[in-house]
Amino acid sequence: MKRPVYYTALLNSRLANWYNPEFTAIVLRRVFKAFHYRDFRLMWIGACTSSIGTWMQIVAQGWLIWRLSHSAWLLALDQFLGTIPIFLFSLVGGVIADRIDRRRVLIGSQYVQMTTAALLTLLVAFDVVHVWQILTLSFVAGFAQAFGGPAYQAIIPTLVTKKEDMPNAIALMSIQFNVAVTVGPALGGVALARLGEKWCFGLNAVSFVAPVIALTLISARFLPEKTTETILTSMKQGIRFVRRQGSMEALMVLAFLMTALGMPLRTYFPVFATDVFHKGPEILGTFYSVMGVGSIAGSLTMASLGNVRHKGRIALAMLMCLGAGVSGFCLSKHLALSFALLFLTGVAMISVFTAVNSLVQLITTDEMRGRVMSVYSFAFRGGMPMGNLLTGRLVPLYTAPVVLTVNGVLLIAVGLYFFLMQRRVAAL
């Protein structure tokens with residue numbers, strides 16, 4: 001059938017726009033708007049460098065535990081111990097972030113994590129490493145993140161001066177994380193295969209120097225008012241603030257369920273690499289990288305949308321896509337199809353995260369930001385240990401593909417529930 005003249009003209013005009021340098025520059029300025037702020041650029045570079053090192057360690061650490069124990073339960077336990085401190089202490093961390101210069105809290109967190117990576121490097125280098133040591137260091141690093149996480153979430157909006165640029169800044173920070181998820185596992189897989197685990201851990205220790213330098217250079221400051229309130233009283237204020245916003249309560253529940261049901265997929269990549277596809281570390285790194293590329297694509301899309309309307313509906317639609325991607329990957333027996341589904345999963349996961357995070361940040365006031373973001377971290381990060389602990393018990397009984405397929409189906413069900421029954425998120 002011949003196309004209508006107006007359709008052909010419209011298509012040609014849009015193609016011409018994409019080849020127009022001025023149009024391309026406008027699009028890039030919109031996507032990377034927050035990069036106009038010096039402090040944001042410094043923080044982005046420092047965080048990205050550190051995250052690359054962290055993901056190199058994640059790949060090597062999962063492989064090392066699997067090599068030493070060949071236990072799916074210990075893989076899940078490592079993830080549990082690395083994230084349970086965030087669940088237990090992030091509310092206290094949020095109060096600290098509202099009482100102390102957030103830069104100082106973040107710098108302290110970086111030093112503790114650097115030390116744990118350096119210790120693990122020495123243990124592997126001298127061939128005296130045991131699984132219990134890895135698990136202990138994971139807990140210590142998680143404890144540092146429990147205080148650094150709320151401070152990090154609270155400091156990001158202060159790096160941009162215009163409130164309408166906040167969603168773009170959050171999306172770009174998601175991009176840096178996912179650039180690291182793409183590059184870090186790829187580098188980690190190569191380093192693991194050719195140099196061994198100790199190089200992955202050592203390079204991670206060195207990578208923490210970058211955010212420390214960035215935090216030293218940025219000019220953004222949060223000067224809290226002095227208070228005589230107890231930590232418990234301040235925590236209650238943050239929780240009351242969340243509860244007064246009915247839609248924010250629903251966002252916290254959504255964040256918890258998304259991580260509890262979606263994040264365990266990454267934990268069991270070593271199982272899929274060896275037991276399902278019968279491959280080695282290179283494929284393990286590729287799994288992380290492909291999912292990271294999808295996350296970058298999702299982050300760029302969310303950044304280009306900016307302060308778009310109907311973020312709640314976008315979050316719920318992407319949650320259901322996340323469930324479909326997780327279940328599809330677990331059922332796939334072909335590597336090419338599995339990579340495509342991981343790409344879709346990465347797009348969906350970061351889109352849900354960015355939309356929910358933006359909504360929480362936009363509702364929150366700056367003096368309450370540390371405490372509210374600690375409640376968000378409590379929900380978002382708390383879902384990880386709970387999900388990993390449950391799947392760690394179920395996987396040995398029913399296998400990883402079966403358990404994680406059910407997780408994906410449940411994610412779809414959660415999305416439908418919030419769309420059709422609980423409408424507070426869909427209305428945002």
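Contact means that heavy atoms lie within 4.5 Å of each other. This is a predicted model, in which local features need pLDDT of at least 70 and side-chain atom pairs count only at pLDDT 80 or more, while totals for chains, interfaces and linings use all residues. Residues are numbered from 1 along each chain as its sequence is written, and side-chain values use heavy atoms, with hydrogens and water left out.

**Figure 1. Overview of the chain.** Of the contacts in the chain with a separation of 6 or more, 87% are accounted for by residues 24 or more positions apart. The chain has 18 helices and zero strands; helices (H or I, at least four residues) and strands (E, at least two) are DSSP runs, numbered from the N terminus. Buried residues make up 56% of the 428 residues. Buried means under 20% relative accessible area, exposed over 50%, and partly exposed in between, with a 1.4 Å probe and protein chains only.

**Figure 2. The second largest pocket.** Rolling a probe the size of a water molecule over the atoms shows where empty space is left. On a 1 Å grid over the protein atoms alone, a pocket is an open set of points where a 1.4 Å probe fits, with protein on both sides within 12 Å along at least five of seven lines; lining residues have an atom within 4 Å of a point. The second largest pocket holds about 160 Å³ of space, a volume being the space filled by probe spheres set on the points, which are joined across faces, edges and corners. Helices α11 (246–262), α17 (369–398) and α18 (400–420) each supply at least two residues of its lining. The largest share, five residues, comes from α17. Among the lining residues are F256, M386, L394 and N407. The lining divides into nine nonpolar residues, three polar and no charged. Here Ala, Val, Leu, Ile, Met, Phe, Trp, Tyr, Cys and Pro count as nonpolar, Asp, Glu, Lys and Arg as charged, and the others, Gly among them, as polar.

**Figure 3. Surroundings of P85.** P85 is in helix α4 (residues 72–97). This proline counts as buried because its relative accessibility is 0%. Leaving aside neighbours within four places in sequence, P85 is in contact with S90, F139, G142, F143 and A146. P385 is 300 residues apart from P85 along the chain, and the C-alpha atoms of the two are separated by 9.3 Å.

**Figure 4. Aromatic rings.** The count comes to eleven aromatic pairs. The rings of Y417 and F418 have centres 5.5 Å apart and planes at 85°, so this pair is edge-to-face. Rings of Phe, Tyr and Trp (its six-membered ring) pair if their centres lie within 6.5 Å; planes under 30 degrees apart count as stacked, over 60 as edge-to-face and the rest as tilted. Y417 is partly exposed, at 43% relative accessibility, whereas F418 is buried, at 4%. Ring pairs also link F269, F272, F277, F287, F329 and F339 into a cluster.

**Figure 5. Two loop residues with positive phi.** H278 is found in the loop between α13 (269–276) and α14 (281–305). Its phi is near 55°, a positive value in a residue other than glycine. H278 is exposed, with a relative accessible area of 63%. T399 is found in the loop between α17 and α18, and has a positive phi of about 80° although it is not a glycine. At 42% relative accessibility, T399 counts as partly exposed.
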